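Thanks for making time this morning. I would like to walk you through a few contacts in the structure on the screen, with the cut-offs stated as we go.

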Amino acid sequence: MGGVGFAVSGRRGDDPTQYPGKLTWYVVMTLMAAAMGGLIFGYDIGISGGVTSMAPFLEKFFPSVYHNQMDDTSTNQYCKFDSQILTLFTSSLYLAALVASFFASTMTKKFGRRKSMMFGGLIFLVGAIINAAAVHISMLIIGRVLLGIGVGFANQSVPLYLSEMSPYNYRGTFNVCFQLMITIGILVANLFNYFFAKIEGGWGWRLSLGLAGVPAIIIIISSFFLSDTPNSLVDRGREEEAKTLLKRIRGVENIDAEFNDILAARNDARLVQNPWQNIFKSRCYRPQLVMSILIPFFQQLTGINVIMFYAPVLFKTIGFGSDASLMSAVITGVINVLATCVSIGFADRWGRRTLFLEGGVQMLIFQIAVAALIGAKFGVTGDVTELPKWFAILVVICICFYVAGFAWSWGPLGWLYPSEIFSLEIRSAGQSVNVAVNMFFTFLVAQVFLGMLCTMKFGLFIFFAFFVVLMTLFCYFFMPETKNIPIEEMTRVWRDHWFWKRFMDQPVTGANEMNRIELV
Ligand code: BGC
């Protein structure tokens, strides 16, 4: 297998003698294919906001919402769009994904990462077909739940797959490709909505919902060709296969150091009967458990999905017409994709912490700016009829800077960081906790945002800014750097950390490094 041209070992790693290998084309292609899993999640995030603002869709499935909007003559901009039933349609997907992620944990551990991805793609495809053909609201909801199950499986398995398969000092780069696919999915969905809303006859929403099947087909086909990760193969007793695969993906014969670490991790893992009981009860997993809960919680409390779900509505509120609002959503979508590329280039060079901290400060500044602008113009009454163009453009610019800050920090790293910190024995369970917490707070933000805007007014942006301060402080004090550390040796970051080391004195299983089996 030909290498892409530079050796993995010693390029950026702390220990140049560790894990020799090349970045092979095989591993690059495999990782790109797997990252496609992000598309299905992104497409869903982007599609529902636009579809629910299409009048023919509302008239067919949510006639009361449609008529309320038509008859609404109030000028209070903060309270214009509050409709629980409509947001329930959007957010039901995230509840289904939450539940599914726990089932995905067992499947991912027992049958491998690849099967979970394939299953997720299949269920998602069925959901997309039912949604496109919907003639009744029940079909919409069933379709949405199936999409959610697909997302739960994909988000549980794909980040783990990417982190295990990547050479350790490229793990950031490849894992962030998952987020890149999420952002591309969101952008494509926004563009589709923009064009399909113009289709005469008002059936454009069917295309918007049905085309979700395309990313599903891509992930199903790709997962047919993917091999499972060496870590998962070893975990399931297929050691020889894992060894052959490691040689192939690293492009060298000498894979003993990496293979030994995986074996040691598997031996540790075998001492653990029940990963769920362990992750919640054993002190030595406390740092990993705390991260698996707080990272997705903080990621959602940045308030990013207010922009992703409601950008067209928000832009309408600040004075753009329908068309210009959808177009502005496309602009923030483009910024989201481009800024994610920064993280692809720098997560393994500057490290996770630098990006987390810079992104946090940037989001904070521009959230406060948006709050100040909206507060100045709308006041507490929200009674505005006419707003100048320059004002709307300034708000869009601030939102773009905020989105960029998220897109190279908490966006990609919110998926990367948890996927690389769990020890093998609790990896699958830990990732399920991460997905479930993420989906729960995505659901909550989607469900309560419009109501909160109505009561908290421009203060809502200050509310999210408060959490951005908290998460940035948390990162500064409690999140150790993980760049360039092999995934099966991650326990050392906790043992060396000023705070977390107190939990690492009595490991429930032997530490990997001590347990290493020498190969002859
Ligand atoms: C988050 C999503 C968000 C997206 C925006 C993802 O990392 O999990 O909730 O909508 O980024 O790009």
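**Helix contacts and an aromatic pair**

Let me begin with Q179, which sits in helix α8, where helices (H or I, at least four residues) and strands (E, at least two) are DSSP runs numbered from the N terminus. Before going further, please keep in mind that this is a predicted model, in which local features need pLDDT of at least 70 and side-chain atom pairs count only at pLDDT 80 or more, while totals for chains, interfaces and linings use all residues. Residues are numbered from 1 along each chain as its sequence is written, and side-chain values use heavy atoms, with hydrogens and water left out.

Q179 has a relative accessible area of 5% and is therefore buried, the classes being buried under 20%, exposed over 50% and partly exposed in between, with a 1.4 Å probe and protein chains only. Leaving aside residues up to four places away in sequence, Q179 touches T340, F406, G411, P412 and W415, contact meaning heavy atoms within 4.5 Å.

That brings us to the aromatic rings. Across the whole structure, a search finds 42 aromatic pairs, counting rings of Phe, Tyr and Trp (its six-membered ring) with centres within 6.5 Å, and calling planes under 30 degrees apart stacked, over 60 edge-to-face and the rest tilted. In one of these, the ring centres of F178 and W415 are 5.9 Å apart and the planes stand at 85°, so the pair is edge-to-face. It joins distant parts of the chain, with F178 in helix α8 (residues 171-196) and W415 in helix α20 (residues 410-421), 237 residues apart. F178 counts as buried at 0% relative accessibility, and W415 counts as buried at 2%.

Now to a helix pair: the axes of α7 (residues 137-165) and α21 (residues 424-456) come within 10 Å and cross at roughly 135°, where axes are lines fitted to C-alpha atoms, for helices over the stretch in contact, and angles run from 0 to 180 degrees between N-to-C directions. The two helices are therefore oblique to each other, since angles under 35 degrees count as roughly parallel, over 145 as roughly antiparallel, 65 to 115 as roughly perpendicular and the rest as oblique. Among the residues making this contact are N155 and E164 of α7, and R427 and L424 of α21.

Finally, N231 lies in helix α11 (residues 230-235) and is buried, with a relative accessible area of 2%. Which residues does N231 touch, not counting those up to four places away in sequence? They are E164, I262, L424, R427, I487 and E488.
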